[in-house]
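Reader: I am new to this structure and would like a close look at one part of it, the salt bridges. Please take me through them.

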Amino acid sequence: MEQLRVISGSANRSLAEEVAERLNVKLTPTEIKRFADGEIYVRILESIRGADVFVIQPTSSDANLNLMELLITIDALKRSSPQRITAIVPYYGYCRQDRKNKPREPISAKLVAKLLEAAGVNRVITFDLHVAQVQGFFDIHSDNLDLVPLYVEHILSKKLENIIFVAPDVGGTSRARAVAKIMHAPIAIIDKRRSEDTNKPIIENLIGDVKGKICIMVDDIIDTAGTITEAASLLKRKGAKEVYVYATHAVLSGNAIEKLENSEIKEIIFTNTIEIPKGKQIKKMKVISIAPFLAETIKRVHEGIPMGVVYENMYKKIEKTMKKC
Ligand code: R5P
């Protein structure tokens with residue numbers, strides 16, 4: 001079998017290091033630097049001829065820089081004769097620009113897919129895409145890994161009672177429903193729209209009854225934190241006992257941290273698809289690592305064995321825990 005190689009971009013080195021440690025491999029060294037004019041230079045410092053290469057790089061902020069670095073890394077890899085290149089993009093920047101809402105708009109999520117393909121990647125692995133349909137923008141193999149079992153395991157460990165899952169907007173309904181279904185819990189949906197001129201979320205209506213309940217909101221992205229903090233205030237006004245949030249991607253732009261800190265949210269759980277810098281970590285924030293799951297995925301892709309069994313085993317474990325509760 002070809003040699004397994006893991007390469008890290010500069011956007012989330014700690015995740016790549018954790019994954020490499022779990023796979024018992026060393027990260028393949030690279031040189032990544034910027035020229036005076038801002039151009040990016042990447043060189044792979046060891047031979048990868050004939051290898052099965054996995055490059056880990058979320059295209060989080062600075063989205064353009066990290067995307068360009070990923071594309072240039074793939075180009076450097078392609079010119080080094082590997083057997084296969086898999087891009088692991090834990091957070092897929094531009095994923096929210098997935099359709100034309102107004103005339104003459106771009107579909108940037110598709111453009112990114114085409115750029116990755118043009119650079120020479122053979123396979124793409126993503127996590128909790130804003131909408132799963134983005135997978136269809138690729139004509140190469142793509143796996144979009146869902147993190148529902150990881151969230152359920154974490155929620156169960158909290159031993160919360162009288163819970164209700166809440167979608168912070170209509171688009172998030174299927175995500176909230178997926179978790180609620182496993183936990184045999186009800187769901188509520190928040191009706192969100194965005195202001196035409198400021199793009200700020202306007203949150204006024206709630207479908208469902210949250211009075212006296214522990215609300216668990218599930219979302220893919222927290223960016224400005226406007227959606228989630230406004231939603232938490234509404235839930236409290238409607239009589240919720242406590243509000244928890246599970247969100248995959250900690251984009252955390254602008255004063256998001258301040259908003260989260262001063263919000264009605266009791267605890268917010270992110271994953272490490274995006275590295276959260278020390279300065280942005282607050283007490284009510286917890287991080288679940290995707291590294292064990294990602295390492296298992298890489299191992300299976302490398303060995304050509306199905307991923308389904310991993311999910312089956314996780315769900316069996318969850319079922320057992322739930323029976324005990
Ligand atoms: C929206 O459809 C997404 O699922 C997130 O709720 C949204 O992108 C979060 O953005 P912000 O934190 O800026 O409100």
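Author: A salt bridge here is a side-chain nitrogen of Lys or Arg within 4 Å of a carboxyl oxygen of Asp or Glu. By that rule the structure holds 19 salt bridges. This is a predicted model, in which local features need pLDDT of at least 70 and side-chain atom pairs count only at pLDDT 80 or more, while totals for chains, interfaces and linings use all residues. Residues are numbered from 1 along each chain as its sequence is written, and side-chain values use heavy atoms, with hydrogens and water left out.

One of the pairs joins Arg-5 to Glu-46, with 2.7 Å between the closest N and O atoms. Arg-5 sits in strand β1 (residues 4-8) and Glu-46 in the loop between β3 (40-44) and β4 (52-56), so this bridge ties together parts 41 residues apart in sequence. Helices (H or I, at least four residues) and strands (E, at least two) are DSSP runs, numbered from the N terminus. Arg-5 is buried, at 12% relative accessible area, whereas Glu-46 is partly exposed at 39%. Buried means under 20% relative accessible area, exposed over 50%, and partly exposed in between, with a 1.4 Å probe and protein chains only.

Another pair is Lys-266 with Glu-242, whose closest N and O atoms are 3.1 Å apart. This pair also links distant parts of the chain: Lys-266 is in the loop between α7 (256-261) and β13 (267-271), and Glu-242 is in strand β12 (residues 242-250), 24 residues apart. Lys-266 is partly exposed, at 45%.

Glu-117 and Lys-114 are bridged at 3.5 Å between the closest N and O atoms. Both lie in helix α3 (residues 108-119), three residues and about one helical turn apart. With Asp-139 they are linked in a network of salt bridges.
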